[in-house]
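Here is a short briefing to read alongside the model.

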Amino acid sequence: MKKNRFVFRTVILLILVGALAFTLYQNFFTETEKVEIGKEAPDFLVTDMNGSKISLSDLQGKGVLLNFWGTWCKPCEKEMPYMNELYASYKEKGIEMIALNADETEIAVKNFVNQYGLTFPIAIDKGQEILNTYGVGPLPTTFLIDASGTVVEQITGTQTKEQLEEYIKGIVPK
Amino acid sequence: MEHVKCQCGHVNPVGTFFCEACGKPFQHEESASLLDMKYEGSARRSITYNKTLVDKVWSFFSSVKVGIWLIVVTLVASAIGTVLPQEMYLPPAVTPSEYYADQYGVFGKMYYDLGFNNLYSSWWYMILLASIGISLVICSLDRVVPLYKALKNQGVTRHRSFLKRQRLFGVSSATTEDITIIQENLIKRRYHVRIENENILAEKGRFSRWGPYVNHIGLIIFLFGAMLRFVPGMYVDEAIWLREGETKEIPGTDGKYYLKNEKFIKEVYSKEEEDKVFDEAIDRVGNSMIPKNYQTNAVLYEAVGSTVAGQEPKMKKVTDYKIRVNDPLKFESFALYQTDYKEGELSKMFLHLEDKTTSEKYGPIEVNLANPEEKYDLGNGYRVELLSYFPDFYFDEEGKPSTKTKVPNNPAFVFKMFTPTTPDGEVSFVAIRQNIEPAGTNKYKMTFAGIETRNATALTVRKDLTLWILALGGTIFMIGVIQGMYWNHRRIWMQRIDGEWWIAGHTNKNWYGFRNEIEKVLSGTDVPQPEDKVLIEKIS
């Protein structure tokens, strides 16, 4: 009798608290980040400013630094030259960099690329589809993807050259 | 000690206030005060047993006092949320942290810092709502079960102290004929009459006692439906902005559906078009001021095959539809509602190449502001190259021309103009009402020749598979309310004690109606109306 009561009350309380926990979990812990660290990076296919096609799935075996940026974004502007310098020294070590512009005009992107003499692949994310797929909020946002295609890190905001280099070292294929 | 045995032989759960069967009070038997008939004097278990942690939590939520406080706190919190606009209703592109402080001062800053800007989706608000739900379930369970048992076990023959301490009570020397007439009257008035050794219990409307619990079941189903909105795939509430000519993925459909905005139309009531009788009505607001229609001519596409982000998927047209206010485009379980619009966003700019001395014009060139061409050939050796483009032009801290956003709010251009007389080209910086030349010696300039604008539409993407559960919960809620409100649980006891007839009555509400009914039941006899003790107390 007493035992029944205890079991009954415990079960009811567990169901009620479980429902509450589920609701809170759904509301606060899912969908905040569409790309999860430790999960596979969503594939994409873009055409860069030189007209060559780049897809993430073709870059398996390389460490990939994926940067989202815009010409109006001053922090992005500051970061680009660092990436350019690092690209030169890490390309041979199996690092690829891709900078995806948030749906601006070709002329704006082209001028920007020429102004800073950027040598790594840059593409325009038409309609911001990739940006949305990756759930990017503020610019710049950078994803570091290792040789197996897994997201290792998501960085928001400008990085110093040293910080960026540390991150890149972490995804150099062994 | 699990049970208490009454003199009458009935075994009651411990904590019972008066015997389920005969109604003999277990405490203060000789007291003359009114018997507390709440829950039929049944033992609420939560109060009786309070040993383990589970029992303690249970009895906390079992308290009606706690439940009412939870409701009051939730009401106050909900009210606070309406003092300033919630974050989702702020104008687009403002920073909430600054907006609240700028608009509402210190109060606004505090409001934001306390997290009231997103009050209704905050964790503590959700916990409050859920606590009300828990309180409902436990309060109900804790009361309905003992109440049901007590009413089921009630005996016909009652202890004299039970009768004496009812609110309606009277003693008379009625004859056997009187009692027979009363019995017939009771049956006529749809009372369920039980007789046990001459003693009578007439009862009706016990059904009414379950009203509050039915009502709570409805509420719990309603809350469950609200909770289901958080289950992926059950509920979508998104917004999509589409400029004319644009095609975009419909959010919430996982890339399956795309929508194209062919045209956005806003119509107004104008005197020229409407019948004369409406002139006065139109004048009251102003001609062409009253909106008549907001409409998006939309085309719905379905993506075919697998899609990779960044590549245009193959699309199959599903349907086209004229979306108007309250006339949504429906597909699968989705509906697209017309919610907002923006008129006159710059889309194209026309510029002439003009000879400064002769004012002779060439062109114009058409610059597509969303993605401008770089070279414009005007024939006969006249051509223009676009060197730079700033859609939302301003001078940055270093004095360099820059763009604030990528939206063409304030477009500016750097053109290089080539003519037969200036084969090396001249550079000119052109913004709205500005024309800057590096050297100031140009022979030609670019002059503004016109603009083309386009409209944008905003649609709400809505999917709600929880609606029927909410409707079901609401219906059961209403049934419970009606059940509890429009029926009364009335009981009349008649017993022969010491050669006299004792009559006692109890109802769960509407004592006035009950007294009137008893009067009718007693009509045709000499039995006097039982006294209403509460009424007498009030008068004296």
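In this predicted model, Ile200(B) has Met494(B) as its bridge partner in β22(B). The two strands involved, β5 (residues 199-204) and β22 (residues 490-497) of chain B, pair in the antiparallel sense over five bridges; strands count as paired if DSSP finds at least two bridges between them. Helices (H or I, at least four residues) and strands (E, at least two) are DSSP runs, numbered from the N terminus.

**The sheet and its helices**
- An open sheet of six strands holds this pair, in the order β4-β5-β22-β23-β3-β24 (chain B), with antiparallel pairing.
- At the edges are β4 (192-196) and β24 (531-532) of chain B, each pairing on one side only.
- Helix α7 (residues 176-188) of chain B lies across β4, β5, β22 and β23 (500-507) of chain B, at about 145° to β4(B). Axes are lines fitted to C-alpha atoms, for helices over the stretch in contact, and angles run from 0 to 180 degrees between N-to-C directions.
- Helix α11 (residues 511-522) of chain B also packs on the sheet, where it touches β22, β23 and β24 of chain B.

**Chain B overall**
- Chain B has 12 helices and 24 strands.
- Its radius of gyration, taken over C-alpha atoms, is 40 Å, well over the 24 Å from the globule rule (2.2 Å times the number of residues to the power 0.38) for 540 residues, so chain B is more spread out than a compact globule.
- The C-alpha trace of chain B spans about 135 × 65 × 55 Å along its principal axes.

**Chain A overall**
- Chain A has five helices and seven strands.
- For chain A the radius of gyration is 22 Å, well over the 16 Å that the globule rule gives for 174 residues, so this chain too is more spread out than a compact globule.
- Along its principal axes, the C-alpha trace of chain A spans about 80 × 35 × 30 Å.

**Where the chains meet**
- In all, 34 residues of chain A are in contact with 32 residues of chain B, contact being C-beta atoms, placed from the backbone, within 7 Å.
- The largest share of chain A's side, 13 residues, comes from α1(A).

**Reading notes**
- Residues are numbered from 1 along each chain as its sequence is written, while chains are lettered from A and ligands numbered from 1 in the order in which they are written.
- As the model is predicted, local features need pLDDT of at least 70 and side-chain atom pairs count only at pLDDT 80 or more, whereas totals for chains, interfaces and linings use all residues.

How values were computed:
Contact = placed C-beta atoms within 7 Å.
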